[in-house]
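The remarks pass from the chain as a whole to its core and then to individual residues.

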Amino acid sequence: MPSKSDYAVPLWINGEAVPTKSTSTFPVTQAVTGNTVHHASAASSTQAIDAVQSSWTAFRSWKNAPHTTRRDVILRVAAYYEQNAASLVEYQMLETSCSEGWAKQNVDLATRYLKEIAACVSGIMGAIPQIEKPNTMGFVFKEPVGPILCIAPWNAALILATRGIASAIAVGCTVVFKASELCPRTHFAITEAFAQAGVPPGVLNQIQVRRDDAAEVTEALIAHEAIRKVEFIGSAAVGRIIGQLAAKHLKPILLELGGKTPAIVLDDADLEEAAKTCALGAVLNHGQICFSTERIIVHEAVVGKFQSLLVSAMQSMDSHSGSAVSESIAQHAVDVLQDSQSKGDKFLVGGIDTSNPLTLRPTIILNPKDSRIVDEETFGPSASLYVVHSDAAAIELANRSAYGLNATIWSTNMERSLKMARELEYGQVHVNSISVYTSPTASQGGVKGSGNGRQNGKWGLEEFLVDKFVSWHGKG
């Protein structure tokens, strides 16, 4: 795999790599070592528009490709992932400092997403509605919305970009992929996979930009008349900016933003399993997952035993935590903990240790009230523990958040847990599971400040389709 510091990840426009000599470049750094592992070409606004125009040209024919052609492309991409799994793992570890286990999980889940998306393509169906006018027929056709701007993050680098790109291409859309500047080689592997799978030139174009140029280039993309929808996955703060741009230019948007996942531990739960799984959910990938367990809410009847188990579990989690992707991400997590410390919050385990600033200690804070950690996504290996006296109090506390992405419940009583799940204001609720869970066959998405729209399987395909009503009026 190319990993020398003089290698530059190219732009990919209209089926070809844009020569590095025609672009500026920026360094890509592995934060955990501080080494520049390679460089990446940086797109200008002009090159970004070239990518859009290429996507529009390709869309006019790709939208008419048989569903079997589109399905088979997705299956070939899945096969490419399986055949090149070792390289895909290495790219992720090199650029994002993630653990090998997390990188392998990304490859496995992304491959399963691809296979499920391919399986759903032939299930796209329109409708023949009843029409009130005599001698008239109506047809509702499902049609691809058009070229998509896909903006994907670095933290689940392979999964999240693959899912959106594949869902759009599978239904006949084309994609301009704005890769993360933190993992452009990993993201370029996705583009390479589609190219090897035989997508025509322009069906998938990739650019990446310098952070300083991101605002200008992103608005140029969203403003272009050929871009018909935007998919953004990332922080709520940036999501608001992207959402405002999309509204300004009247573009629909699919948003998956941050989370503040609650894990509710009831008095009939398997406490040992709950403690181990909550701890793992808090520290996996150094807490840099929007599904990370950030708030643990336990019934007071079992708090003593559970707290002891949780502290023990967190103390054993260093090997699962990994490292931060950048100094700024790690510093934000430290800042949140320092705010708790300054306000007198009690640290049950862990705490602030900057001797290794990119690998933070797994931390639990007891019952914070007025500090930032109450409802701010930390993106670090930390969580808060709260004690409640009833199911109603647990629901009320869990829902007291700007976010609504993932939640978990720990209980051996199915009726009780399902009733509680219906009351939680979250797009997904998992019972007796790690919070970092998703299924390629099930709907996924956020409510409230965690975004809108749905991904995965048939739900993800529907996001990139529009309904067209055609009526035929006979005589008489």
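How many positive and negative side chains does the chain have, and how far apart do the centres of the two sets lie?

1. Charge. The model under review is a predicted one. Its chain carries 40 positive side chains and 46 negative ones. The centres of these two sets are 6 Å apart.

2. Overall dimensions. The secondary structure consists of 15 helices and 20 strands. The radius of gyration is 23 Å, close to the 23 Å given by the globule rule for 476 residues, so the chain is as compact as a globular protein of that length.

3. Burial and surface. Of the 476 residues, 56% count as buried. The accessible surface of the chain amounts to about 19,300 Å², and carbon and sulfur atoms account for 52% of that area.

4. Contact order. When contacts between residues at least 6 apart in sequence are considered, 75% of them join residues at least 24 apart.

5. Nonpolar core. The largest nonpolar core contains 63 residues. Those that touch the most other members are I74, Y81, I165, I169, V175, F177 and F194. At least two core residues come from each of the helices α1 (45-62), α2 (67-83), α3 (85-96), α4 (100-120), α5 (157-170) and α6 (184-197), and likewise from each of the strands β7 (148-151) and β8 (175-178). The element that gives the most is α4, with 10 residues.

6. Residue I124. Which residues does I124 touch, leaving aside those up to four places away in sequence? They are K142, V171, L461 and L465. I124 itself sits in the loop between α4 and β6 (136-144), and its relative accessibility of 25% makes it partly exposed. Between the C-alpha atoms of I124 and T46 there is a separation of 36 Å, the two residues being 78 apart along the chain.

7. Residue A282. Is A282 buried or exposed? With a relative accessibility of 0%, A282 counts as buried, because the cut-off for that class is under 20%. A282 belongs to helix α9, which covers residues 271-283. Beyond residues up to four places away in sequence, A282 touches G287, T293, G380, P381, S382 and A383.

8. Most residues other than glycine have a negative phi. N14, which is not a glycine, has a positive phi of about 55 degrees. N14 is placed in the loop between β2 (11-13) and β3 (16-18), and is partly exposed at a relative accessible area of 42%. K448 is likewise not a glycine and has a positive phi of about 55 degrees. The loop that holds K448 runs between β18 (428-431) and β19 (451-452). K448 counts as partly exposed, with 37% relative accessibility.

How values were computed. Residues are numbered from 1 along each chain as its sequence is written. This is a predicted model: local features need pLDDT of at least 70, side-chain atom pairs count only at pLDDT 80 or more; totals for chains, interfaces and linings use all residues. Side-chain values use heavy atoms; hydrogens and water are left out. Helices (H or I, at least four residues) and strands (E, at least two) are DSSP runs, numbered from the N terminus. The radius of gyration is taken over C-alpha atoms; the globule rule is 2.2 Å times the number of residues to the power 0.38. Buried means under 20% relative accessible area, exposed over 50%, partly exposed in between (1.4 Å probe, protein chains only). Contact means heavy atoms within 4.5 Å. Accessible areas come from the Shrake-Rupley method with a 1.4 Å probe; for residues, only the protein chains shown count as cover. Lys and Arg count as positive and Asp and Glu as negative; His and the chain ends are not counted. The place of a charge is taken as NZ of Lys, CZ of Arg, CG of Asp or CD of Glu. A nonpolar core is a set of buried Ala, Val, Leu, Ile, Met, Phe, Trp, Tyr and Cys residues joined through side-chain atoms within 4.5 Å.
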